Amino acid sequence: MAQNRSGLGSGWVAAAFALILILLTFSTIYIFVGRVWWFPEPANSFAEAIDKQFGRTLFITGVVFFFAQLGLAYVIWRYRDRGQRAHYSHGNNVLEVLWTSATIILFLGLGIAAERAWASLHFQGASLGALPVEITGKQFQWYFRYPGQDGQFGRTAPELIDAAVGNPLGVDYDDPAAQDDIVSQLMAVPRNQEIEVILRSQDVTHSFFVRELRFKQDAVPGMTIRLHFRGEKLGAYDIVCAELCGQSHYDMNTKLVVMPPDEFNRIVSSQDEYYKWEDEFNTDVEDRP
Ligand SMILES: [Cu+2]
């Protein structure tokens with residue numbers, strides 16, 4: 001039957017493949033263990049819970065990856081072509097059952113472990129006394145609306161939407177509840193206060209993403225999506241659109257500023273105060289080297 005032509009087999013090829021596999025495995029492990037590219041520091045406990053879950057998942061899948069790749073390298077070398085006759089194998093049913101059940105257990109186990117963090121965001125509403133902020137995505141801007149001192153959002157109407165006259169959300173300023181609404185392109189929140197996000201889109205699907213909060217949610221036209229978060233660390237964080245939404249998608253970003261509660265109360269006390277703060281913040285950013 002078909003014997004290898006040279007009889008020497010393909011030892012070199014097998015050795016090269018096995019070696020490349022081993023190198024790839026170790027460099028991949030190094031990238032993760034050495035945290036070569038890693039997330040920014042979490043800015044709240046939700047983000048920490050997400051990171052822990054990520055770490056657990058990465059550890060387990062990392063161990064499986066490590067042994068599976070080294071096993072593959074071994075098999076490539078061990079069963080290289082030495083000019084011997086090929087022999088047919090039916091596989092091993094016991095092993096098949098073992099690793100299939102192990103995968104199921106791991107998959108379900110990790111899913112159950114992750115459930116609490118995920119459910120706290122998606123299934124539990126914001127607590128009573130959370131501060132509502134309406135966030136609207138629109139090619140290629142984010143708008144934030146605060147209800148003002150009365151705690152009530154004013155009426156909006158689609159026919160009133162006109163960014164050119166400074167009313168991008170179509171707020172009906174004849175409605176008494178709308179008089180003190182603040183509409184801004186910069187998001188301020190008080191530290192340690194729960195924020196109820198009321199997320200909307202005016203045109204296409206956008207995605208509201210703050211890396212430090214591990215908080216990402218699509219804004220879908222026609223839907224009002226309610227979620228909540230808490231900024232626990234003072235600072236200014238990037239808000240970006242994480243859904244390719246058109247030509248200037250890359251430019252659809254702004255800042256989330258987590259500030260001391262008294263400073264926040266001062267700037268939301270009136271529209272003028274808020275816009276003054278917004279101007280100051282923007283000039284500060286421009287002044288930075
Ligand atoms: Cu977008």
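Covering the buried residues of helix α2, where buried means under 20% relative accessible area with a 1.4 Å probe and protein chains only, are elements that include α1 and α3, and contact here means heavy atoms within 4.5 Å. This is a predicted model, in which local features need pLDDT of at least 70 and side-chain atom pairs count only at pLDDT 80 or more, while totals for chains, interfaces and linings use all residues. Residues are numbered from 1 along each chain as its sequence is written, and side-chain values use heavy atoms, with hydrogens and water left out.

The buried residues of α2 are F46, A47, Q53, G62 and A73. The 34 residues of α2 should span 50 Å at 1.5 Å a residue, and its end C-alpha atoms, 49 Å apart, agree with that; the expected span is 1.5 Å times one less than the number of residues.

Let me turn to α3, residues 93-122, whose 30 residues should span 44 Å at 1.5 Å a residue, and whose end C-alpha atoms are 41 Å apart, which agrees.

Finally, W37 lies in the loop between α1 and α2, and it counts as exposed because its relative accessibility is 67%, the cut-off for exposed being over 50%.

Technical notes
Helix = DSSP H or I, 4+ residues; strand = E, 2+ residues; numbered from the N terminus.
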